[in-house]
Amino acid sequence: MTGLLRFDDVSVTYRTGEGDVPAVRRVDLAVDRGEIVGLAGESGCGKSTLAGTVLRLQPANATVTGRVLFEGNDVRTMRWGDLRALRWAGASIVFQGALHSLNPVQRVGEQIAEPIRLHHPDLAEATVRTRVGALLEQVGLPAARARAYPHQLSGGQRQRVMIAMALACDPRLVVADEPTTALDVMVQAQVLGVLAGLVSERGLGMLLISHDLSVLADLCDRIVVMYGGRVIEQGPAKHVFADPLHPYSAALSASFPRVGDPAARFAPSGLRGDPPDPADLPPGCAFAPRCPRAVDACTAAVPELRTFPGEREAACIRVGEP
């Protein structure tokens with residue numbers, strides 16, 4: 001089955017003055033229509049770099065290997081005309097930090113209308129304006145806000161504008177890169193509710209990127225956890241959050257306190273050390289220097305993903321031990 005989006009052995013390496021830096025290493029991942037797949041991990045693990053390959057948004061010093069298949073077509077080898085048609089109309093992206101992504105001197109309605117005009121040049125201007133108003137209402141904003149400038153909107157409203165822009169040309173896939181960054185808990189819940197409703201109503205696929213495993217557990221069908229540029233665990237969202245297999249996933253899950261759990265309140269969990277430098281990964285398992293369960297064998301070789309019951313995978317040699 002072709003599916004909507006598939007990463008097939010994808011790696012991304014950046015060329016720098018100090019040598020090559022591998023940011024993403026041999027990732028396999030799939031997203032189907034009507035499905036929300038969460039991509040979790042700390043800053044620098046390769047989440048956003050991987051997401052950028054969907055629309056070929058890498059800088060000139062990046063080299064991508066493997067296959068990034070959108071509806072069976074490899075984005076890496078697409079001609080420019082086909083890639084231009086894919087962007088916005090086939091797949092779109094909600095960038096993190098709406099204030100930095102929106103043009104500060106242009107009304108938000110004009111920014112939402114731009115991809116519509118590019119992909120549908122024959123549409124009458126009145127039809128475009130009506131479409132912009134409908135998109136704003138779909139994400140919970142009045143159509144009149146189309147005349148506002150970005151600085152006149154709250155953080156949550158700007159993020160909704162970004163979502164409306166991503167939906168402007170009816171894409172089949174939306175990549176949401178940290179869409180709730182810097183939003184308070186109430187606004188965060190509203191924005192996530194909008195995203196979930198759109199997937200349900202439109203049947204589109206979504207790749208949702210976040211460092212917050214609890215957010216992904218509530219919204220996603222599956223969660224994929226990355227560390228050091230690799231996928232180290234994936235499976236059904238509720239299981240990965242509540243019963244993680246990999247020690248790193250367990251640390252991510254434990255870092256968010258549970259309401260009503262005194263142990264989490266009075267003895268919050270943390271993870272010692274810092275994420276590894278992609279240019280200088282430790283031998284064997286990249287997580288071993290920070291892992292509370294590490295043994296000498298963990299540094300001997302890079303662990304491969306192994307399959308476990310319940311449609312789960314984990315890259316840890318100690319999974320399954322008593």
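A residue counts as partly exposed when its relative accessible area lies between the 20% under which it would be buried and the 50% over which it would be exposed. In this predicted model, Arg-131 falls into that middle class, at 24% relative accessibility. Its side chain forms a salt bridge with Asp-170, the closest N and O atoms being 3.0 Å apart. The pair links distant parts of the chain, 39 residues apart: Arg-131 belongs to helix α5 (residues 125-138), whereas Asp-170 sits in the loop between α6 (155-166) and β7 (173-177). Asp-170 is partly exposed as well, with a relative accessible area of 45%.

The count of salt bridges comes to 16. Among them is the contact between Arg-117 and Glu-125, with 2.5 Å between the closest N and O atoms. Arg-117 is partly exposed at 28%, and Glu-125 is partly exposed at 34%. Arg-6 and Asp-8 also meet through their side chains, at 3.6 Å from N to O. Here the relative accessible area is 28% for Arg-6 and 24% for Asp-8. Together with Arg-67, these two residues are joined into one network by salt bridges that share partners.

Turning to the strands, an open, antiparallel sheet is built from four of them in the order β2-β1-β4-β5. Strands β2 (19-31) and β5 (73-74) lie at the edges with a single partner strand each, so one side of each has no neighbour in the sheet. Strand β1 (residues 5-16) runs antiparallel to β2 and is joined to it by nine bridges. Across this pairing, Leu-5 stands opposite Val-31, and Arg-15 faces Asp-20. Two residues separate β1 from β2 in the hairpin that they form.

Conventions. Residues are numbered from 1 along each chain as its sequence is written. This is a predicted model: local features need pLDDT of at least 70, side-chain atom pairs count only at pLDDT 80 or more; totals for chains, interfaces and linings use all residues. Side-chain values use heavy atoms; hydrogens and water are left out. Two strands pair if DSSP finds at least two bridges between them. Helices (H or I, at least four residues) and strands (E, at least two) are DSSP runs, numbered from the N terminus. A salt bridge is a side-chain nitrogen of Lys or Arg within 4 Å of a carboxyl oxygen of Asp or Glu. Buried means under 20% relative accessible area, exposed over 50%, partly exposed in between (1.4 Å probe, protein chains only).
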